[in-house]
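Visitor: Please take me through a close look at a single part of this model. I would like one connected account.

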Amino acid sequence: MIPRSMIPTAPSLLASSLFARLVAVLAAVLALGAALLLFAAWASARLAADEAYDRLLVGAALQIAETIASDGREITVDPPFSAFETLGLSPRDRIFYKVLDPADRLLTGDADLAVPVDRGRLAAGPILLDAEHRGQAVRAVVAGRYVPDVATAGFAAVVVAQTREARGALARTLTIKASLMVLAMSALALGAVAVAVRAALRPLRAIEGVLAARGPNDLQPLGLAAPQEIRLLVTSIDHFMGRLSGHVAVMKRFIADAAHQIRTPLTALAAQLDLLSSETDEGRRRDQIARLRQRTAELGHLTNQLLNHAMVIHRARSAAFGPVDVAGLARRTLIDAVPQAGDRTIDIGYDGPEDALVIPGDAIALREALANLIHNAFKHGARSRLTVRLGRERGRVVLAVEDDGPGIPAADWARVREPFQAATGGGIGSGLGLSIAAEVAAAHGGELRFETHSEKGFCVILSLPDEAAA
Amino acid sequence: MIPALVPSLALLLALLLARPAAAEEVMRFPASEHERTTLTIRGAADTDAMAPLIRDYQLLYPDVTVVYHEYITADLFSGVAAACAAGRAASDYAADVVISSSVDHLIKLANDGCARSHRSIETGRLPDWAAWRNEVFGFTTEPAVIAYRPDLLPREDLPRSRVALVDLLRRKPEAYAGRIGSYDITLSGIGYLFAVYDARAAATYGRLVEAFGRANLQVRCCTADLIADLEAGRIVIGYNLLGSYVYGAMRRGARLGVVVPQDYTLVLTRAALVPVTARAAGDAFAFLDYLLSERGQRVSREQSFFFDRTGPLPPGVDGPPSLSAAGLFRPITVGPVLLAVQDRAKRARFLAEWRQSIGTQVK
């Protein structure tokens with residue numbers, strides 16, 4: 001169970017909430033889409049309005065043009081009411097018009113209507129154009145009627161211009177209608193997105209719910225059916241749970257064992273202290289104090305090893321690997337261990353490269369492992385010889401501690417890797433060294449092996465992956 | 001403002017200035033309270049008709065002095081157009097409200113950008129045909145009527161439609177030759193407007209004008225002259241006269257009869273606009289709103305123009321139950337169609353045809 005207070009409080013909702021982030025992105029996309037659609041709606045509405053009113057405009061111009069008549073000398077025009085009624089269909093717009101004869105003389109209308117007349121194009125039909133009249137934007141049409149029988153034969157031109165109010169109003173109305181639809185659609189889409197995102201995130205909530213409802217000791221897999229996208233997450237959580245529960249089990253056993261291991265010598269110490277307090281004989285008293293001292297030293301060693309073991313296990317899980325010079329490490333550890341030989345005559349040797357041999361690893365854990373192996377060798381094995389051997393072997397870096405002692409019977413090899421499972425005949429505190437080494441080897445992706453050779457003696461080997469070979 | 005128009009407007013202005021001052025009558029309606037402002041109204045509407053409206057308006061706005069200038073329509077148009085072309089600063093031609101029975105003039109002015117836009121509850125109540133661009137507002141409903149002398153016209157001869165009139169002239173040419181009067185449409189704006197709409201309204205227009213020509217139609221410049229001729233007995237029937245003026249004369253005691261034709265009813269709405277050059281625009285719009293209000297319309301119906309759109313015809317008028325009676329109502333719509341009426345080529349052609357039909361007596 002994760003206490004709520006441990007969830008980091010993010011600087012903003014956007015950074016903290018998947019829902020807010022998804023909805024924000026989708027809202028931005030929708031807004032952009034809506035903006036584009038609105039622009040398109042406005043453009044097409046303008047076009048539609050122009051098209052609709054252009055027809056009226058052209059119709060009116062043609063109606064006026066039809067009344068242009070010539071009797072050979074004079075050209076007359078009689079703008080019909082219907083033309084103005086047609087234009088009046090856009091009720092608010094001002095109307096300007098003029099009729100010019102082929103010689104560009106004004107027949108009727110507004111003399112100041114400055115719309116250019118391009119007679120060359122009139123034969124093809126009415127020409128529509130945008131212009132300005134008296135400071136107002138107008139839409140204008142120029143229509144022609146061919147007059148062949150006057151001095152200057154050619155096209156008489158009808159120019160009709162109309163202000164854009166009705167067009168603007170129609171375009172506005174159309175745009176507003178389209179906009180309302182676009183906005184409604186966008187709102188609907190956004191709502192749907194919010195609902196969909198919420199639904200999509202529901203499995204996460206289920207996970208959260210299941211996790212939150214758990215007791216602190218419940219490390220069972222979640223056992224949730226998850227959608228494809230978060231199946232990996234659920235699997236990872238389950239996997240993590242599995243590992244965690246494994247480790248917790250190991251820790252529990254370790255603690256139980258450690259408690260047992262410490263309790264036994266403590267009881268013995270207490271008993272010896274009782275004996276000591278009631279002993280009156282000076283000689284036996286001295287012996288008992290010596291035994292007491294030895295027991296205390298052993299207890300100290302055991303405690304150290306327990307702590308080291310815990311440290312190694314902890315590091316195996318948390319320490320980052322860095323480049324480690326195993327050759328240097330082996331030499332230094334060996335030199336540090338020389339005093340353990342005490343007054344025994346033991347031939348201590350190093351057999352390995354003088355140069356650095358670098359692998360990725362945790363230097364502290366590796367040294368601890370090696371130190372334990374050397375310690376074991378001094379304590380239980382070596383009669384006259386202890387050699388630390390380092391070398392590359394079939395793509396592995398092999399660190400071996402070799403002695404001429406009796407070694408461990410092959411039947412016990414598997415068992416002694418476990419904590420507190422010292423080989424037969426070991427005293428207290430002898431149960432952790434190999435287990436620590438095995439842990440370290442496993443944390444480095446390697447293994448702890450045993451070998452017995454008739455000529456070399458007993459050999460404990462740390463076999464580690466070699467970076468150079470990988 | 002419009003360079004090309006300036007010379008012609010200058011010419012019009014020169015003509016206007018050259019005219020005797022009698023072309024314009026001024027009447028002042030002083031404020032009854034401390035005068036806040038002066039509202040200048042220039043109108044082509046009889047002062048007698050406008051006075052009751054102005055006085056009633058002053059009951060609502062007692063601190064406004066109203067100066068009413070009465071014109072004939074053409075002078076009014078050229079004056080306002082010139083002032084508009086000159087711009088507000090350059091002109092000393094004060095006009096806050098312009099009223100004209102020649103609605104086509106007002107439409108032309110509005111089309112040329114000389115009018116201010118105004119929207120209110122009152123303007124919103126107007127039917128579509130009675131207003132344009134929220135700039136030109138029709139505030140009266142005045143039919144074109146046939147006026148006659150009841151004592152000189154035998155009852156069986158009373159024409160209740162144009163066809164009946166044509167028929168009468170054909171049946172009794174001698175009796176009515178030279179005794180029918182109407183507007184000289186080359187001089188009268190209303191006359192021209194009514195004639196153009198007659199021509200649009202029905203296919204009988206050609207026959208009518210032809211019959212008028214044969215009957216030696218007497219033409220006059222204005223309604224007042226025609227009414228005077230009727231009162232004096234010089235003519236017996238007046239065709240297409242402005243109903244409100246004829247009815248006003250009847251109320252004043254003239255021996256006249258009024259027929260609202262039953263084939264179709266041409267209806268003119270006298271219109272008002274507030275020019276862009278107006279100085280007291282706020283009061284001008286208030287006056288406009290007053291004209292269009294229930295109160296203004298009631299005063300108009302009872303004292304000024306006597307007819308209204310939907311109510312029954314005033315007492316003593318022969319005709320359909322109301323002006324807007326189904327199928328008969330032909331309003332002269334306030335809108336861009338009137339620009340066609342204003343078209344110079346069209347006018348020239350129409351007048352030429354009319355002259356030709358009416359005969360030589362028209363100079």
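Guide: Two strands pair if DSSP finds at least two bridges between them. With that in hand, start at one such pair. The model is predicted. In it, D347(A) stands opposite R385(A), a residue of β11(A). The strands here are β9(A) and β11(A), the latter covering residues 385-393. They pair in the parallel sense, over 5 bridges.

Now widen the view to the sheet. It is open and has 5 strands. Their order in chain A is β9-β11-β12-β14-β13, with mixed pairing. Two strands form the edges: β9 (347-351) and β13 (447-453) of chain A. Each of them pairs on one side only. Between neighbouring strands the turn is 20° on average, direction ignored.

Next, the helices on the sheet. Helix α9 of chain A, residues 433-443, lies across β13 and β14 (457-465) of chain A. Helix α9 runs at about 125° to β13(A).

Stay with α7(A), which also has a helix partner. Two packed helices are described by the angle between their axes and the distance between the axes. Here the pair is α7 (residues 326-337) and α8 (residues 363-381), both of chain A. Their axes come within 10 Å and cross at roughly 45°. That angle makes α7(A) oblique to α8(A). The crossing is right-handed.

Which residues make the contact? From α7(A) come V326(A), L329(A), A330(A), T333(A), L334(A) and A337(A). They meet A363(A), L366(A), R367(A), L370(A), A371(A), I374(A), H375(A) and F378(A) of α8(A). By class, this contact has 11 nonpolar, 2 polar and 1 charged residues.

So much for this part, seen step by step.

How values were computed: Residues are numbered from 1 along each chain as its sequence is written. Chains are lettered from A and ligands numbered from 1 in the order in which they are written. This is a predicted model: local features need pLDDT of at least 70, side-chain atom pairs count only at pLDDT 80 or more; totals for chains, interfaces and linings use all residues. Axes are lines fitted to C-alpha atoms, for helices over the stretch in contact, and angles run from 0 to 180 degrees between N-to-C directions. Helices (H or I, at least four residues) and strands (E, at least two) are DSSP runs, numbered from the N terminus. Angles under 35 degrees count as roughly parallel, over 145 as roughly antiparallel, 65 to 115 as roughly perpendicular and the rest as oblique. A crossing is left-handed if the near helix is turned anticlockwise from the far one by less than a right angle, and right-handed if clockwise. Two residues are in contact if their C-beta atoms, placed from the backbone, lie within 7 Å. Ala, Val, Leu, Ile, Met, Phe, Trp, Tyr, Cys and Pro count as nonpolar, Asp, Glu, Lys and Arg as charged, and the others, Gly among them, as polar.
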